[in-house]
Amino acid sequence: MLLETFLQDLLNALQWGSFYALIALGYTMVYGVLLLINFAHGDIFMVGAYIGFFIASLLLGRYAWISPGLPSALIFGLTVMATMIITSGVGVALERVAYRPLRRKGASRLYVVITALMCGLILENGNLAIFGASRRSFPQLLSNTAYTIGGVTFTNVKVLVILTTVIIFVLLETLVRRTRIGMAMRAISYDRMAVPLMGIPLDTVIVFTFVLGSSLAALAGVLFATAYPVLDPYMGALVGWKAFIAAVLGGIGEIRGAIAGGFLLGFVEIFVAAFFPSTLRDLIAFSILLLFLSIKPTGIFGVARVTKI
């Protein structure tokens with residue numbers, strides 16, 4: 001009985017940590033290239049969930065009339081792809097309008113951080129002004145089928161979330177370590193001033209980084225809404241902050257760190273809630289994480305940076 005409870009909590013922690021990991025990947029990629037903490041990233045996750053809601057509603061309404069027998073899995077795949085493409089455009093627009101002018105003027109990081117916070121507030125309150133404060137129910141695109149093996153119950157959605165996160169991690173690691181664009185991203189993280197002298201288009205690589213980060217936030221938004229189908233304009237605030245903490249915990253700037261930090265935060269939250277009242281979950285979980293960071297402030301995979309003055 002104790003083993004079954006442990007395995008059940010473990011599966012729940014893997015699913016919950018997967019959401020943190022996918023969002024943390026966006027934080028860590030932008031920071032790794034620009035040393036910029038994009039605090040609007042959590043709200044891009046929210047925007048992705050809302051875009052997925054409207055795309056899914058459109059597809060379901062149209063195809064229910066044209067072809068009632070269209071597989072729901074196909075609609076889900078089209079929703080995910082369209083949402084990732086449109087949301088990546090939102091991330092690129094933020095970079096072009098808000099971050100690039102500051103970067104070209106050599107503004108200090110404090111101004112960039114304030115701008116990122118402002119962009120997040122604009123996305124939240126813009127959504128609130130346009131669509132209202134009423135919560136929306138995300139359409140059920142996948143049939144939620146439950147399976148029980150050895151007393152442990154899990155659903156197909158839970159397995160999909162965990163497997164998707166693992167696949168995304170492998171693809172990103174391959175992209176960054178094995179491709180030319182990945183080499184350019186790593187080169188910018190080492191010396192952004194020298195990269196243009198070597199013929200690498202700086203702005204193109206930065207835009208590509210924002211495309212990747214925003215599309216991953218959109219993917220997390222659709223998966224989150226599929227598992228917990230309730231949307232509201234502030235859904236990305238707390239989740240985004242926790243994903244940022246996960247990125248710092250794993251070593252911000254490292255893809256492996258984002259995955260490890262996301263899963264670790266998920267494990268801590270779920271297992272704390274399993275043994276203590278849920279109202280104390282955040283207090284105890286973040287106290288544990290604070291203790292960990294006080295021992296290893298660079299995170300799990302992070303390394304101390306040396307800056308020449």
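Guide: Axes here are lines fitted to C-alpha atoms, for helices over the stretch in contact, and angles run from 0 to 180 degrees between N-to-C directions. The model under discussion is a predicted one.

Let us begin with helix α8, residues 235-250, and helix α10, residues 281-295, whose axes are 11 Å apart and form an angle of about 25°. Angles under 35 degrees count as roughly parallel, and α8 and α10 are therefore described as roughly parallel to each other. The crossing in which α8 passes α10 is left-handed. On the α8 side, the contact involves Lys 242, Ile 245, Val 248 and Leu 249. Their counterparts in α10 are Arg 281, Asp 282, Phe 286, Leu 289, Phe 292 and Leu 293. Sorted by class, this contact of α8 with α10 comprises 7 nonpolar and 3 charged residues, with no polar ones.

From α6, the residues in contact are Ile 181, Ala 184, Met 185 and Ile 188, and from α7 they are Leu 202, Val 205, Phe 208 and Thr 209. By class, the contact of α6 with α7 has 7 nonpolar residues, 1 polar residue and no charged ones.

The other partner of α7 is helix α3, residues 72-104; here the axes come within 7 Å and cross at roughly 135°. The two helices are therefore oblique to each other, and their crossing is right-handed. This contact of α3 with α7 contains 13 nonpolar, 7 polar and 5 charged residues.

In one of them, the ring centres of Trp 16 and Tyr 228 lie 5.6 Å apart with the planes at 90°, so the pair is edge-to-face. Trp 16 belongs to helix α1, residues 2-34, while Tyr 228 sits in the loop between α7 (202-227) and β4 (230-231), so the pair ties together parts that are 212 residues apart in sequence.

Strand β2, residues 146-149, and strand β3, residues 152-155, run antiparallel and are joined by 4 bridges. Within this pairing, Ala 146 stands opposite Thr 155, and Tyr 147 has Phe 154 as its bridge partner. The hairpin has 2 residues between its strands, and Gly 150 adopts a positive phi near 60°.

Conventions:
Residues numbered from 1 in each chain as written. Predicted model: local features only at pLDDT ≥ 70, side-chain atom pairs only at ≥ 80, totals over all residues. Heavy atoms only, no water. Parallel < 35°, antiparallel > 145°, perpendicular 65-115°, else oblique. Left-handed = near helix turned anticlockwise from the far one by under 90°. Contact = heavy atoms within 4.5 Å. Nonpolar A, V, L, I, M, F, W, Y, C, P; charged D, E, K, R; others polar. Pairing = 2+ DSSP bridges. Phe/Tyr/Trp six-rings, centres within 6.5 Å; stacked < 30°, edge-to-face > 60°.
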